[in-house]
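Subject: Structure handover

Dear colleague,

Below is the structure I said I would pass on. My notes follow it.

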Amino acid sequence: MIMMNICPKCEKVILSDYKFCPRCGYSIYGKKGAEEPAHAVPAAAPVAAGEDTSKVLQFFNVAQTLTTADDIDLLLKKIGSAVEEILGAERSSIMLLDDTGENLYFKTATGEDILKKLKIPVGMGVAGWIAQNKKPDIVNDPYNDERFSPDTDKKTGFKTRSIVGAPMMVGDELVGIVEAINKTDGEFTKDDMNTLMGFAGLAAVSIVNTKLKTDQKNFFSNMLDFLIIGTEALSSPEPTKSGHAWEIAKYVPHIGRELGFDRDKIHLIHNAALMHDIGFLGLANPELIGLRIDRELDSNAKYRLHPIIGSEIVKGIKMMHDMGPYILYHHQFKDGSGFPENLPLDQITPEIEVISILEQYCIRKDKRALDPKKFSPAVYRAFDKVIH
Ligand SMILES: [Fe+2]
Ligand SMILES: [Fe+2]
């Protein structure tokens with residue numbers, strides 16, 4: 001069933017997924033609850049059946065950090081420590097395949113630093129055998145195993161008594177291997193090997209995720225440039241052609257620091273500042289974003305819609321949807337003045353006000369034209385200190 005609303009201003013029908021009247025431009029935004037979708041948490045690889053609960057819990061503990069860790073080295077170290085603790089091993093190492101595909105190098109390893117400089121050819125030693133065959137293995141008496149190379153022990157002075165290793169695979173492709181060395185109590189078992197395979201899977205996924213994240217970040221910053229250039233090419237009552245978005249973004253770190261915001265928050269406000277007028281892009285091409293806006297709508301009514309349209313554009317993009325409230329509220333003020341109509345004023349945070357105060361300043365180019373009463377005292381003070 002299609003739900004409909006009636007515009008309180010012009011009394012025409014508005015379809016339910018519209019946040020404004022496409023005929024007169026009146027905003028009904030605050031009259032409808034905008035539900036944000038919850039973030040999905042990626043599922044972790046299962047641990048082999050038969051493991052006790054503490055192993056499983058620890059596994060999931062590491063798996064959870066996967067969703068938050070940006071620092072791959074830290075994450076792999078955590079995986080290494082968890083492997084040592086759960087398997088009861090003296091040491092662990094995570095080796096990655098280099099770009100040539102011919103050598104393994106140590107990414108993390110407990111023990112001597114010299115290890116980090118060593119390269120192990122695929123096919124040589126137990127690690128090289130695991131990499132070549134893409135199979136896990138247990139070697140409980142390495143000095144009597146023909147694959148074992150005592151070279152590393154000679155270089156480090158460490159005595160290897162037992163090894164369990166597993167390949168890190170993404171699909172059919174080898175990423176590297178994980179090893180646990182010297183079981184402190186008895187010998188490595190098949191159970192240990194299965195657990196290690198679970199961790200090897202986690203390590204592989206985290207390595208690939210990190211690479212994807214880096215690619216995504218590059219893509220994201222390129223896309224930002226593209227969108228800003230696109231927005232600036234449009235005519236609008238704001239001085240969008242003169243680097244307006246960049247000018248606002250330039251002041252954000254200074255005001256953010258005055259307000260005591262942390263780096264992540266300043267980064268988000270900075271990006272939101274770059275995107276704040278993206279609604280003009282949507283207004284110029286409404287059909288591209290599935291909107292039908294009345295051709296007769298006057299330019300002032302259209303102008304008042306740009307925050308709503310901008311926030312709707314970013315809402316569906318995971319990497320941008322945190323910017324939504326900044327874009328939606330960038331012309332709305334604490335004292336109730338501004339637009340669009342019907343926004344709940346209690347959601348105006350100091351973070352959002354950083355953009356709205358800079359928007360006013362950069363449009364008017366004159367600090368004296370701003371009314372301090374429209375902003376929180378702390379935000380106005382920070383602005384006043386930064387802008388001379
Ligand atoms: Fe603007
Ligand atoms: Fe604007």
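Predicted model: local features only at pLDDT ≥ 70, side-chain atom pairs only at ≥ 80, totals over all residues.

Residues are numbered from 1 along each chain as its sequence is written, and chains are lettered from A and ligands numbered from 1 in the order in which they are written.

Among contacts with a separation of 6 or more, 59% are between residues 24 or more positions apart; a contact requires C-beta atoms, placed from the backbone, within 7 Å.

The sheet

Six strands form an open antiparallel sheet in the order β5-β4-β3-β8-β7-β6, where pairing requires at least two DSSP bridges between two strands. Its edges are β5 (119-121) and β6 (137-139), each of which pairs on one side only. From one strand to the next the twist averages 30°.

Taking the pairs in turn, β3 (residues 89-97) and β4 (residues 103-109) are joined antiparallel by five bridges, and S93 stands opposite A109 of β4. Between β6 and β7 there are three bridges, also in the antiparallel sense, and D137 has G165 in β7 as its bridge partner. The antiparallel strands β7 and β8 share eight bridges, one of which sets M168 against G176 in β8. The hairpin of β7 and β8 has two residues between the strands, and G171 there takes a positive phi near 65°. Strand β7 is largely enclosed by the rest of the structure, because six of its eight residues are buried.

Helix α2 (residues 72-87) covers β3, β4, β7 (163-170) and β8 (173-183), and runs at about 140° to β3. Helix α3 (residues 125-133) lies across β3, β4, β5, β6, β7 and β8, at about 35° to β7. For these angles, axes are lines fitted to C-alpha atoms, for helices over the stretch in contact, and the values run from 0 to 180 degrees between N-to-C directions.

Helices α6 and α11

The axes of α6 (residues 244-258) and α11 (residues 350-364) come within 10 Å and cross at roughly 130°. That angle makes α6 oblique to α11 (under 35 degrees is roughly parallel, over 145 roughly antiparallel, 65 to 115 roughly perpendicular, and the rest oblique). The crossing is right-handed, that is, the near helix is turned clockwise from the far one by less than a right angle. On the α6 side the contact is made by H244, E247, I248, Y251, V252, I255 and G256, and on the α11 side by V354, I355, L358, E359 and C362. By class these are eight nonpolar, two polar and two charged residues; Ala, Val, Leu, Ile, Met, Phe, Trp, Tyr, Cys and Pro count as nonpolar, Asp, Glu, Lys and Arg as charged, and the others, Gly among them, as polar.

A loop residue

D277 sits in the loop between α7 (263-275) and α8 (279-284). D277 is buried, because 25 other C-beta atoms lie within 10 Å. Its C-alpha atom is 9.4 Å from that of S311, which is 34 residues away along the chain.

Regards

Terms used:
Helix = DSSP H or I, 4+ residues; strand = E, 2+ residues; numbered from the N terminus. Buried ≥ 20, exposed ≤ 12 C-beta atoms within 10 Å, placed from the backbone. Contact = placed C-beta atoms within 7 Å.
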